[in-house]
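Hi,

Here is the structure I said I would pass on to you. Have a look at it first, then read on for what turned up.

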Amino acid sequence: MSCDEDLSKDFKITLEKDAKSFTDSDLLKGSIKALKDHEVSSVEIKFQDKIILNSTSLEAFSVDLSEFKLGNHDLKVNLKVNGEKVELSKSIKLLSSISPKLYTYEIVNTYPHDILAYTQGLEFHADTLYESTGQRGESSLRKVDYETGEVLNKVELDQFYFGEGLTILNNKIYQLTWQSQEGLVYDLQTMELLNKFAYTNSKEGWGLCNNGEKLFKSDGTDKIWMLNSETLEEEGYIQPTTNKTILNQLNELEWVEDKIYANTYQKDGVVIINPDDGGVEGVIDFRGLRDKVKQHSRLDVLNGIAYHKSSKRLFVTGKNWDKLFEVKIIKK
């Protein structure tokens with residue numbers, strides 16, 4: 001292995017214009033430069049696990065970036081040099097070529113919401129609202145009549161847990177916990193705890209939603225993980241990315257018309273994310289909404305998005321808010 005390490009110093013990945021970031025409308029052009037005379041018998045270059053060059057000699061490469069996921073990724077080079085394997089890598093930041101569209105809101109209806117609910121997850125199943133609440137010793141899973149705010153059924157979590165996001169799929173409720181490294185699975189009808197599942201690569205549990213086939217999970221980092229709906233194992237991730245930066249601290253998630261809507265922790269806004277490549281396509285400015293709820297010492301941030309699929313209505317609330325708002329999104 002020491003031979004591989006020495007040989008790697010004799011090669012360099014060179015990118016056109018020495019760029020450190022690109023957009024999905026760019027061509028990634030570059031070459032592998034040999035700094036010393038070596039016999040190179042094979043060259044394989046991969047980006048996001050896709051082979052972009054497979055050759056028997058060093059040569060320039062060019063790849064269209066429009067089909068790749070956005071965010072930070074490594075360009076990986078595998079060489080066979082003098083019979084030895086040599087590995088090189090270079091970090092590539094891939095940004096969106098499109099600025100997010102900006103939206104504001106209009107309040108359509110206002111409904112009562114439990115002021116003691118530290119809202120972490122919110123989702124409709126048919127006409128019934130399900131809610132996950134946080135704080136140690138206060139965390140719960142709830143079935144709620146959204147029009148009256150009445151809690152129809154409530155499961156108290158063990159004091160060990162800090163409740164986080166939830167989603168419903170295949171007659172099961174999936175609820176995250178924050179730092180306990182595991183999620184909880186319930187029967188939708190009885191709300192009886194069925195089993196638990198462990199996190200793998202993600203460090204924490206924040207937000208959760210699904211597209212009918214797989215789950216999407218935020219963990220406070222710049223990643224939204226994709227979970228297999230059967231095994232609940234993390235099978236990859238996207239990175240929410242604008243034309244300027246890669247976002248982090250995305251909290252509660254909701255699946256809305258083939259997009260992911262995500263609260264940003266400590267921000268009065270929701271971002272609209274393309275689940276295929278992570279591109280942030282829109283930002284909804286919810287400033288002013290928090291001023292319309294009862295002001296008290298435990299009042300906290302906007303967090304909670306629920307989409308009523310059949311009527312195409314969008315609802316939002318926050319941690320310890322006394323109101324649930326039905327809103328209409330308006331382009332600025």
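K223 sits over the face of Y237, at 5.0 Å from the ring centre. There is another case of this in the model, which, by the way, is a predicted one: K217 lies over the face of Y199, and here the figure is 4.1 Å from the ring centre.

Now for rings that pair with other rings. Searching the whole structure gives 15 aromatic pairs. One of them is F124 with Y146, an edge-to-face pair with 5.2 Å from centre to centre and 85 degrees between the planes. This pair ties together distant parts of the chain, since its members are 22 residues apart. You'll find F124 in strand β10 (residues 119–125), while Y146 is in the loop between β12 (140–144) and β13 (151–156). Both F124 and Y146 are buried. They also belong to a cluster, in which ring pairs link Y111, F124, Y146 and F315.

Next, take a look at S55, which is in strand β5 (residues 50–55). Is S55 buried or exposed? It counts as buried, because its relative accessibility is 11% and the cut-off for buried is under 20%. What does the side chain of S55 make a polar contact with? One partner is the side chain of E59, at 2.7 Å. A polar atom of the S55 side chain also lies 3.1 Å from the backbone oxygen of S57. Leaving aside residues up to four places away in sequence, S55 touches S41, S42 and V43.

Key. Residues are numbered from 1 along each chain as its sequence is written. This is a predicted model: local features need pLDDT of at least 70, side-chain atom pairs count only at pLDDT 80 or more; totals for chains, interfaces and linings use all residues. Side-chain values use heavy atoms; hydrogens and water are left out. Helices (H or I, at least four residues) and strands (E, at least two) are DSSP runs, numbered from the N terminus. Buried means under 20% relative accessible area, exposed over 50%, partly exposed in between (1.4 Å probe, protein chains only). A polar contact is a pair of N or O atoms within 3.5 Å; within protein, one must be able to donate a hydrogen and the other to accept it, and residues adjacent in sequence count only if both atoms are side-chain atoms. Contact means heavy atoms within 4.5 Å. Rings of Phe, Tyr and Trp (its six-membered ring) pair if their centres lie within 6.5 Å; planes under 30 degrees apart count as stacked, over 60 as edge-to-face and the rest as tilted. A charge sits over a ring if NZ of Lys or CZ of Arg is within 6 Å of the ring centre and within 35 degrees of the ring normal.
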